[in-house]
Amino acid sequence: MAYSRPVPRRRLLTGAAGLLGAAALGGCRAREERGEPAGEYRKVVLAMPGWPGGQANAAVAGHLLERGWGVETQLRELSTAEAWDQLDSGSVHAILEDWGGEPQKEALYAGEKGSVVPAGALGVTGHVGWFVPRVWAERNPAVLHWENVNDFAGELRAGGTGRRGALLSGDPAHTTHDRALIEQLGLDLEIVHTGSESALIAAIREADRERAPLLAYFWQPHWLHTEVRLAEVRLPPYRAGCQDDPRTVACGYPHTRLPKYLNAGFAEAGGEAARFLREFSWGAEDQNAVAALIAGQGMSPRAAAEAWAEENPDRVAVWLPGPDRG
């Protein structure tokens with residue numbers, strides 16, 4: 001999911017400042033040994049999904065728990081289904097970004113069993129849609145409404161689509177209702193799968209660089225928005241359930257305030273760590289900045305979180321317990 005790699009600024013502890021810093025660190029370690037910051041829990045395990053934005057959430061929250069409260073954290077790489085199962089069992093304590101991909105597990109664990117509890121909104125709104133390079137849309141503003149897309153089908157052709165334009169998509173496993181939408185709206189489009197998110201990103205980058213026409217299934221938040229300016233095509237508005245029957249689909253995609261979830265036992269007995277994870281929220285701009293370090297620069301999630309925190313002390317100070325003393 002470029003840029004030159006930033007070098008995190010390191011601060012050396014010297015003289016009196018060093019003694020104060022050592023004392024603060026000692027206090028953090030003492031609290032960790034007693035288990036107080038995380039209540040009854042010796043370690044906090046955060047589910048870390050496969051996409052860079054989700055990795056950014058977990059890495060920054062973990063970094064802040066360690067820095068502010070001396071709480072040991074583990075970022076566990078899991079699929080969405082695995083994360084929900086382990087949240088239910090208590091071997092994972094938090095999911096920080098849920099796109100609703102496991103509605104049956106959510107209904108069972110957060111509803112019937114009560115083993116999982118909501119932990120508020122992440123602060124990021126997730127949205128899937130159809131996008132074109134803004135540099136092309138500025139020359140062809142009519143393309144930004146679905147009723148005019150057929151006028152550009154000739155320019156959007158790709159190998160194998162014949163006279164029809166191409167709607168580029170990434171992984172064929174992605175859940176969409178694009179095919180039904182194309183049919184119901186009578187659009188001269190054919191879905192072309194690039195095979196992967198990375199291949200889709202490469203195609204978008206090339207079109208932006210060449211100022212060329214391109215129509216792609218894409219989403220927000222995503223780190224690519226920090227690099228390429230995209231404009232969204234206005235589809236018919238989403239209504240709850242409008243995508244359920246492929247014979248009648250005639251709507252776009254929802255804007256979803258992405259929620260967080262905690263294991264119920266941890267939520268009750270997880271002390272300051274649980275409280276912090278309930279309160280932790282940030283916007284798409286911050287998430288995209290960290291995700292760009294992970295996917296755009298190849299940094300590990302933990303290294304990206306540390307680099308971002310070093311570059312954004314004011315943002316970090318909002319979350320830490322009083323002055324930055326972790």
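Student: In which loop does R211 lie?
Tutor: R211 lies in the loop between α7 (197-210) and β7. Helices (H or I, at least four residues) and strands (E, at least two) are DSSP runs, numbered from the N terminus. Before we go on: this is a predicted model, where local features need pLDDT of at least 70, side-chain atom pairs count only at pLDDT 80 or more, and totals for chains, interfaces and linings use all residues. Residues are numbered from 1 along each chain as its sequence is written, and side-chain values use heavy atoms, with hydrogens and water left out.

Student: What is the phi of R211?
Tutor: Near 55 degrees, a positive value in a residue other than glycine. Most residues other than glycine have a negative phi, and most peptide bonds are trans.

Student: And the peptide bond from Q220 to P221, cis or trans?
Tutor: That bond is cis, with omega near -5 degrees. P221 lies in the loop between β7 and β8 (230-232).

Student: New topic. Is V233 buried or exposed?
Tutor: V233 counts as buried, because its relative accessibility is 1%. Buried means under 20% relative accessible area, exposed over 50%, partly exposed in between (1.4 Å probe, protein chains only).

Student: Where is V233 in the chain?
Tutor: In the loop between β8 and β9 (255-263).

Student: What does V233 touch?
Tutor: Leaving out residues up to four places away in sequence, its contacts include W130, V132, V143, W146 and L215. Contact means heavy atoms within 4.5 Å. The C-alpha atoms of V233 and F131 are 5.7 Å apart, though 102 residues separate the two along the chain.

Student: Now the helices. At what angle do α2 and α10 pack?
Tutor: About 105 degrees, with their axes 8 Å apart. Axes are lines fitted to C-alpha atoms, for helices over the stretch in contact, and angles run from 0 to 180 degrees between N-to-C directions. The two helices are therefore roughly perpendicular; that word covers 65 to 115 degrees, with under 35 roughly parallel, over 145 roughly antiparallel and the rest oblique.

Student: Which residues meet there?
Tutor: Among them are P52, A56 and V60 in α2, and Q287, V290 and I294 in α10.

Student: Last one. Which residues touch the most other members of the largest nonpolar core?
Tutor: V44, L46, F276, L277, F280 and W282, out of 41 residues. A nonpolar core is a set of buried Ala, Val, Leu, Ile, Met, Phe, Trp, Tyr and Cys residues joined through side-chain atoms within 4.5 Å. Helix α2 (residues 52-69) gives the largest share, 8 residues.
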